[in-house]
Amino acid sequence: MKQLVSAPALFVEAGICLILGLLLAFLYAPVDASTMGYSQKIFFYHAPIAETALVAFSVAFVAAILYLRSQDPKWDRLGVVCVRLGLLFSVLVMATGMIWGKAAWGTWWDWEPRLTTFLLVCFLYVAYFVLRSAVEEEQRRATYAAIFAIIAFIDVPITFFATRFLPAGMHPTVITIGGTGMPGSMFVSFFISMIGMTLLLVALIRRDLGVEELKDRVADLKNTIGG
Amino acid sequence: MAILRKDLIRELRTREMLISMILFVLLAMVIFHYAFTVKEGADLTYFTGGMLWVTFIFAMLLGLNRSFAQEKDERCLDGLLLCPVDRVTIFLAKTAGNLIFLLIVQVVAVPVFTLFFVQRSYVADLLPFVVVLLLADVGICALGTLLATISMNTRSRDLLLPIIFLPLIVPVLIAATGATTLIFAEGAGLGGLLARVLFLLGFDVVFIVAAYGTYDFAIGE
């Protein structure tokens, strides 16, 4: 039972990677040569968090499809956990993005494709929880949540594409198909931070899954006693 | 087809939904006029596209809620579900019905908005305008019908629909508003709107397919 709710090894590994990434970012990677200077260091957290949020939503998307196919509640649990964590990471992306925006561009907010898309992502996945709370019957709740998770996930890239129709923004494109546009030392630090953040996500998913399973088990036990 | 006919006949007999939707549109126009006339003789041409699409989307929300509330209240939906038709047929019929209502609303709203707000003639660009209108409408109705089916089966019903519908419809709003504004204000032809038109087409295809795949689950047992 205890095993279910804690995955300490993963947390430790994630922590080591994140701290190492941070140290490398400040001590090894060069200070940004353009106007940004030290404020660019937040990039080593900002971008990995964004990547992790997208990973979480992708897993939720796959879990939703698997749920609709199998009606197995374990996929619903995975979906909820991933959406919840994805939402948390999205809020962090916005927060770090705004701090960086203030430092680099002199403004907290810019109606720019990526920021705007993440704002909508937040609204979408908050709506996911509103939807869940509005349905009482368990199976129906899981089904609707899965449908919504699928549609929301499809909508995100479309929204991102649509925001390109708006007047251009200031966000740089760092990683393109041609390469990363980063010096090697910067890339190493970035890569380690990214691994750390992804490990953290996996650790959190495992822990939350354990919690959700326990919740279900408690509910079952209550029903048994009550019934 | 029969479901579509039933919805249309029902509406034509009572006219309650259409009348309130059209009234809503006219009232929205008056409200927008007061909200946006920031100084004497301000030219609102650049805002008209945005006003129109905001109005259509909110009018559609009203319509979507009604179209399923009726089914639910009178337990008509149970009857529909007992019919020996594919569930997806119900989706297509409902979408078509909503599309027709939206088009009727637009037939009233567009000339009125144009008359009051647009200060140059766009008769020459009527064709691209109609294309944009139809493509955006299909997207709004397909996605709206799917989400309304979900929301009517929940506890909060009409309260939930805007919360799940509005964030999802933003891409259509961006593309349609941009295209309409270009037509109204700058007289862009179909060539200048190509990217947006293709985008709207893509949106329609993606969400009709997505709704097609999930509607069976949405409408329930």
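pLDDT is the predictor's confidence in each residue, from 0 to 100. The structure described here is a predicted model, and for chain A the mean pLDDT is 81.

**Confidence in chain A**

- In chain A, 84% of the residues reach a pLDDT of 70 or more.
- Among the elements of this chain, helix H3 (residues 43–70) of chain A has the highest mean pLDDT, at 90.
- The lowest mean pLDDT among those elements, 50, belongs to helix H1 (residues 2–5) of chain A.

**Make-up of chain A**

- Chain A contains seven helices and zero strands, and its elements follow the order α-α-α-α-α-α-α from the N terminus.
- Of the 227 residues in chain A, 38% are buried.
- When contacts in chain A between residues at least 6 apart in sequence are considered, 79% of them join residues at least 24 apart.

**Contact between chains A and B**

- Chain A contributes 26 residues to the contact, and chain B contributes 24 residues.
- On the side of chain A that touches chain B, helix H5 (113–133) and helix H6 (138–163) of chain A each provide at least two residues.
- The most comes from H6(A), which gives 14 residues to that side.
- The side of chain A that touches chain B comprises 20 nonpolar, three polar and three charged residues.

**Helices H6 and H7 of chain B**

- Helix H6 (residues 126–152) of chain B and helix H7 (residues 160–186) of chain B have axes that come within 10 Å and cross at roughly 175°.
- Angles over 145 degrees count as roughly antiparallel, and H6(B) and H7(B) are therefore roughly antiparallel to each other.
- Residues making this contact include B:Phe129, B:Ile140, B:Gly144 and B:Leu147 of H6(B), and B:Leu161, B:Phe165, B:Val172 and B:Ile183 of H7(B).
- By class, the residues of the contact of H6(B) with H7(B) are 18 nonpolar, four polar and no charged.

**Residue B:Gly144**

- B:Gly144 is located in helix H6 of chain B.
- A residue is buried if 20 or more other C-beta atoms lie within 10 Å of its own; B:Gly144 counts as buried because it has 28 C-beta neighbours inside 10 Å.
- Apart from neighbours within four places in sequence, B:Gly144 is in contact with B:Met60, B:Leu64, B:Asn98 and B:Phe165.
- B:Gly144 and B:Leu4 are separated by 140 residues in sequence and, C-alpha to C-alpha, by 16 Å in space.

Methods:
Residues numbered from 1 in each chain as written. Chains lettered and ligands numbered in written order. Predicted model: local features only at pLDDT ≥ 70, side-chain atom pairs only at ≥ 80, totals over all residues. Axes fitted to C-alpha atoms, helices over the stretch in contact; angles between N-to-C directions. Helix = DSSP H or I, 4+ residues; strand = E, 2+ residues; numbered from the N terminus. Parallel < 35°, antiparallel > 145°, perpendicular 65-115°, else oblique. Contact = placed C-beta atoms within 7 Å. Nonpolar A, V, L, I, M, F, W, Y, C, P; charged D, E, K, R; others polar. Buried ≥ 20, exposed ≤ 12 C-beta atoms within 10 Å, placed from the backbone.
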